[in-house]
Amino acid sequence: MKSSASRLSLWLLLTPFLLWIVLLVLLPHLQMVRVSFQVRESWDTIAWGVEQYQNFFTESYYWRTFLRTGVMSLFTTFLTLIIAFPIAWYIARLARGRSKSLLFMACLIPFWASELVRTYGWMILLRESGLFSSWLQALGWVDGPVEMLYNDVAVIIGLVYNGLLFMVVPLVTTLDGMDENLVEAGYDLGGGHGTVLREIVVPWAMPGIVSGCIVVFMLTLGSYLTPVLMGGKDSAWFTEQIFTQFITRFNWEQGAALGVLLLVLSSVIVWMGLKISGQSLRKVMG
Amino acid sequence: MDSDLFCEGLVRRFGANAAVDHISLDVPAGTFFSILGPSGCGKTTLLRLLAGFDKPDEGEIHIRGQRMNDVPPNRRPVNMVFQHLALFPTMSVGDNIGYGLKRRKVTLAERRKRIARVLEQVGLPGLENRDPQELSGGQRQRVALARCLVLEPTLLLLDEPLGALDLKLREQMKVELKHLQKQFGTTFVYITHDQSEAMVMSDRVAVMRDGRFDQVAPPEELYREPATPFVAGFVGDNNRLSGALVAIRDNLAEIRLDDGALVQGRVVAGELEIGQRAELFIRPESLVLSADRVGPGLSVMEAKVRTTLFDGANSRLEAENGSRLVYARLPQDGSAPRLPPGSAIGLAWDPALARVFGAENP
């Protein structure tokens, strides 16, 4: 009696999770894999094949965009880490009490607005008639209006800004748990600032660094709004290719194939990152 | 002068409160020097000043004749064993010990040799490749020591490193630390709130209270000749009796206890006035159970048995004198008479073994 009741409650608790994982994760992805191997021969017949994948490798525009997206995402992730680490260090180790929670809030506040609004915020600053441009003119440093939008730098600025919080949070969490004495022992035994950072702090923070990098990398690789809005028409982000296939060209088969490739790319890079840093997914996410 | 550590007039203030208040000390080379005090007495602050993690507001720190005030911690010939050891969890035992050598640009082959040697010296040969987390508490303790001793520091600071160990291991490590100190010949500055640790291990002990040293002396002198009532009460077990000072004759003070008994004890120092409140300290082992045969010159106090506490060689009698609890050591050979609770007894002592101080104003 008792065991059946507890089993029932276990199933009730598991149901939302199972529904979510099956309906929203598993089924759509399986469906997408299926669609990606369909070849349209005529309006009412379907054949199976790898034509869409062949297209990807023969059409240089596809795989170049693919590579470019991967490399720029990696660079964005790295840049986010470099910027987030001092912030996280300050919040976790130096700030105390009230100012600590205030700083944490300050990192969180931008995320109350949608990604769209945040991106438009940057556009207001960077566009030709924007704030930075008019300031530069007012200072007399430039003669005419400067367009700072629609290039790779603008895209990376937007992406770093979007990823920052997701890097800061895991870093703060790991750095918070570090015993102050470890740093002191590092100095006490003869280490300088660089040594203590390299030999003691970074190895300790590695789980946080890797988990932050994974999240930021995935977000960046799969982001759509920021590259489109800040990079302009020619930003050539891979998600735009997928959008074009699905919506503009109504070629679901090709779109699905590109989607599957993106999934494979992100999985491979995350796996390599874990291997290189010597971390396991369980340790990083646990 | 052969002094490894010499401090003069050290002061460290936090706001209006001086955690370290004009402390001067002089530790000869090769000494095991302990700083003993209750928590919050400023001993950790003092140690951090010596290590260089904190700067004194006033005063001088000299280590082997060199002024250290402006030297950062990584350039001082001083290493520290932290309270929770602070072994680097991301490094193996060997890398922990090699960390400091690496900073000194010792070659890999030489590093390996020295790591193996120091591990042998602390009794953990061949454990280089283990993770600190895999070791027992006592082993970790030794790794922390080895990590410092391999650098051959002038001064080793120890911040209550035995606090986290269980009782049995602590007793064992106490003895071992003392032997290691003799073996390496390094000067140890050890802080603790546990008087037994300080007594067993040290050559000299400084008793610290409210940022100042009450007394600096070898352990036995602290025990037998406490300089202040605080030291008398803090170091070892002691019975504290209070009364009014009646007379002083040949360094012997006569005190009228609150229950009316007239007793005697040695006056140590300070100006005492006849009639003022005074406190007499007498150790449990100096108290003799006296049925009726009180020798001449002994002081006697009436008490009522409350209970006997059997603890092997450390068995004690708990008795009441008025509202005050008094402890007396029971004879170790079991020759003590049966003492049913409630029975009246006399407790006698040799006045030369008791210490009298003027009562401190609370």
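## Two domains in chain B

Into which domains is chain B divided? Chain B splits into domain 1, covering residues 3-232, and domain 2, covering residues 237-358. The C-alpha centres of domain 1 of chain B and domain 2 of chain B are 38 Å apart. Where these domains meet, domain 1 of chain B supplies four residues and domain 2 of chain B supplies seven residues. Sorted by class, the side of domain 1 of chain B that touches domain 2 of chain B has four nonpolar residues, no polar residues and no charged residues.

## Confidence in the model

Please keep in mind that this is a predicted model. The model's scores are ipTM 0.81 and pTM 0.80. Chain A has an average pLDDT of 88, with 98% of its residues scoring at least 70. For chain B the average pLDDT is 88, and 96% of the residues score at least 70.

Helix 3 of chain A (residues 60-94) has the highest mean pLDDT among them, 93, while helix 13 of chain A (residues 281-285) has the lowest, 71. Where pLDDT is low, the predicted coordinates should not be read in detail.

## Chain A and its annotations

In an unreviewed entry, UniProt gives the annotation "domain: ABC transmembrane type-1" to residues 66-273 of chain A. Over residues 66-273 of chain A, the model is 79% helix and 0% strand, and the end C-alpha atoms are 18 Å apart.

The unreviewed UniProt entry also places the feature "transmembrane region" at residues 71-91, 103-125, 153-172, 204-225 and 256-274 of chain A. Residues 71-91 of chain A are 100% helix and 0% strand, with 30 Å between the end C-alpha atoms. For residues 204-225 of chain A, the figures are 86% helix and 0% strand, with the end C-alpha atoms 35 Å apart.

## Where chain A touches chain B

The contact between the chains takes 16 residues from chain A and 17 residues from chain B. On the side of chain A that touches chain B, the elements giving two or more residues are helix 8 (180-188) and helix 9 (193-221) of chain A. Helix 8 of chain A brings the largest share of that side, six residues. By class, the side of chain A that touches chain B has seven nonpolar, five polar and four charged residues.

## A four-stranded sheet in chain B

Chain B has an open sheet of four strands in the order 2-1-4-5, with antiparallel pairing. Strand 2 (17-28) and strand 5 (66-67) of chain B are at the edges with a single partner strand each, so one side of each has no neighbour in the sheet. Strand 5 of chain B pairs with strand 4 (residues 58-63) of chain B in the antiparallel sense over two bridges. In this region, Gln66(B) of strand 5 is the bridge partner of Ile63(B).

Helix 1 of chain B (residues 43-51) lies across strand 1 (3-14), strand 2 and strand 4 of chain B, and runs at about 60 degrees to strand 2 of chain B.

## Strand 11 and its partners

Further along chain B, strand 11 (residues 239-249) is joined to strand 12 (residues 252-257) by six bridges, and the two run antiparallel. Within this pairing, Leu245(B) is opposite Ile255(B) of strand 12. Strands 11 and 12 of chain B form a hairpin with two residues between them, and Asp250(B) in the turn has a positive phi of about 50 degrees.

Strand 11 of chain B is also joined by six bridges to strand 14 (residues 277-282) of chain B, again antiparallel. Here Gly243(B) is opposite Ala278(B) of strand 14.

Terms used: Residues numbered from 1 in each chain as written. Chains lettered and ligands numbered in written order. Predicted model: local features only at pLDDT ≥ 70, side-chain atom pairs only at ≥ 80, totals over all residues. Contact = placed C-beta atoms within 7 Å. Nonpolar A, V, L, I, M, F, W, Y, C, P; charged D, E, K, R; others polar. Domains from an automatic or database assignment. pLDDT = per-residue confidence, 0-100. UniProt positions renumbered as here; feature names shortened; annotations may be inferred. Pairing = 2+ DSSP bridges. Axes fitted to C-alpha atoms, helices over the stretch in contact; angles between N-to-C directions.
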